[in-house]
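Q: I'm new to reading protein models, and I'd like a close look at one part of this one. Please start at a single loop residue and work through to the sheet and the helices, explaining the terms on the way.

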Amino acid sequence: MLSRNFRPNLWHIGRHGRRALATRPLPSNEHEYTNQPEYPAIQDLSYPAKKKREQQSWHQKIAKLSSVEEKLFEINMPKYYGYKSNILTDELFPYNIKPFVQYATRTCFQKGLPQFYDPLKEEATKILQTMQGELEDAVAFELSSYSHFMRDGNVSPLEREETVTRSLLMQLNRTLSNALAPNFSHLSEVETDSDPRHEAFWFLGGIYPPKLVRNIKEGVEWQKQYANDSYDRNLQYVGKPYMAIRHKHPLDPLIEKDLESFDVKQDNVEVPDYRYDPLALGYVTNFRHATTVPGFWPGDQHEFGLMSFQRRTHALDRHKYCAINDLDEAINAQGILSSFAWLLGQACYQGFSVFNDVTYPLTTQTIVTDGKHWSFYAYQLNTTLLHSDQVDVNNRYNLCWGTETLKLYESIDESGKIHGLNSEVLLQLIMFYINQPKERAVNLKPYLCPTETRIADIEDENRRTFMERAYKHLVSNRPRHRLVPEVYQWEKIYKIDHKTRPMDPKRRPFELGENMFKRRLDEHALKYIPRAVRPGGPKSRPKFEATYYPNVRRQ
């Protein structure tokens, strides 16, 4: 006799199209019953709790994805037209920007360089004594070569500064690398990038909700109690330093300490609580895909940054929009922001993300200069969790040390001789160069699949080709072939506010109750396969190409 658990779906189609009864065994009593009752966990059914569980499920999915590109692509999946992001650049630093940058990156800033550089300073002093003349000649030669260019009235100050500074940095890098490489082998293994693409995207939680969001929630009865809840802002950093130097091994941590012991409350460190909207500072919003690119593509062996040279051109026009001279604070903010963004990109290429925190610290060195004025920064990344409630729950914090602005020289005469050369600048520059990266005895990629760390490792040719094309198109941020739907002014007046056109056919998204900004990346028409090129013949199926969007890890 069939069990009462029998259902019609136990039938299956046999080899010759005949229906046959599935012979799957029924569960035994020892699997159905336990000695102690096991009840499912009681879940909070409130709206915030449901949303939090959905977010946690998404975060866990990102952690289980195979490759770097799939993780970065999955972050963009909810937004077909991209996130509405506040664009942070290395060209604009408004007045009083430092508290916001520290809050947005959860960074404690300290003046001066850490004690980590004390042993390096002694060695750098000996090196400087032997090659100071060579460095002075290199600086004098480069600056004197552009003397006519500096006096050209047809060249803008911005172009003049960038051209001279880039040439000076390339010459200093060449001189230092050639002189130090015999004793410091890591300098012969580095990769040097000129004008690299540094981009990073992250979610910043704890922001006060905008007035529009509060009004919308207050207009809905069940959402009134959530009207003042904190708000997430999407931050996209876009920068282009003069030069960046990378190595296959990471730098040593500036503070040898377990990550869990970094507690912002117990350590009594200062991280400003700046929860105002970035719009208040002048950072405009724009719809674009979330891109995280640390100057190279996944798979490059030199995936850890040693040093970057940042532009300082924003100081040229700062007096036009800042009545108070706070240039030093702006330069410090630039050192913090550019260092955090570069390290965040490197962390994402190791398999971490803005939802899956780092398991070991990452370190980099940053120099902000215009050729004459130099500022040195050392940064240690300890956490990447800054979204939603993590700003208040996560106790980890990042660290940044920075020096005051130093002058490399006072002036250059017509003969090309430098007056007032500051050896302190050269000393700190040498210290950064001789800081050797080392291989770490930890798993650097704990969240990546061992066999598919990047798209190029995927064995399935169709899946590899699809993801490669989709990811490269995404990070290019090219506009869609159809523009983002918008409500025109005449529609706002005649159709929404006053409803004077009831006979018009309802074809627009706002008339059909559709929110186009909730459209996902995979919500699109499939690509049709013409009959002439179908693998199985003109009348074979499928008629549409398959898609291979990120899915769970494939072992």
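A: **From a loop residue to the sheet**

Asn477 is partly exposed, with a relative accessible area of 22%; buried means under 20%, exposed over 50% and partly exposed in between, using a 1.4 Å probe and protein chains only. This is a predicted model, in which local features need pLDDT of at least 70 and side-chain atom pairs count only at pLDDT 80 or more, while totals for chains, interfaces and linings use all residues. Residues are numbered from 1 along each chain as its sequence is written, and side-chain values use heavy atoms, with hydrogens and water left out.

You will find Asn477 in the loop between helix H13 (461-476) and helix H14. Helices (H or I, at least four residues) and strands (E, at least two) are DSSP runs, numbered from the N terminus. The phi of Asn477 is positive, near 55 degrees, although this residue is not a glycine. Most residues other than glycine have a negative phi, and most peptide bonds are trans. Asp195 is another non-glycine residue with a positive phi, of about 50 degrees. Asp195 sits in the loop between strand S5 (191-194) and S6, and counts as partly exposed at 28% relative accessibility. There is also a cis peptide bond, between Arg541 and Pro542, with omega about 5 degrees. Pro542 belongs to the segment after H14 (489-497).

Now for the sheet. Five strands form an open sheet with mixed pairing, in the order S9-S3-S7-S6-S10. S9 (285-288) and S10 (293-294) stand at the edges with a single partner strand each, so one side of each has no neighbour in the sheet. Two strands pair if DSSP finds at least two bridges between them. Strands of a sheet pair through backbone hydrogen bonds, either parallel or antiparallel.

Let's go through some of the pairs. S6 (residues 198-207) and S10 run antiparallel, joined by 2 bridges, and His198 stands opposite Pro294 in S10. Helix H4 packs on this sheet, touching S3 (83-89), S6 and S7 (231-239), and the direction of H4 makes about 90 degrees with that of S6. Contact means heavy atoms within 4.5 Å. Axes are lines fitted to C-alpha atoms, for helices over the stretch in contact, and angles run from 0 to 180 degrees between N-to-C directions. S6 and S7 are antiparallel too, with 8 bridges, and Ile207 is opposite Tyr231 in S7. S3 and S7, by contrast, pair in the parallel sense over 5 bridges, with Thr89 opposite Val238 in S7.

Lys98 is buried, at a relative accessible area of 11%. Leaving aside residues up to four places away in sequence, Lys98 touches Phe109, Glu329, Asn332 and Ala333.

Finally, here is a pair of helices. The axes of H7 (residues 157-180) and H12 (residues 423-433) come within 11 Å and cross at roughly 60 degrees. The contact involves Leu172, Asn173, Leu176, Ser177 and Leu180 of H7, and Leu429, Ile430 and Tyr433 of H12. These residues divide into 6 nonpolar, 2 polar and no charged; Ala, Val, Leu, Ile, Met, Phe, Trp, Tyr, Cys and Pro count as nonpolar, Asp, Glu, Lys and Arg as charged, and the others, Gly among them, as polar.
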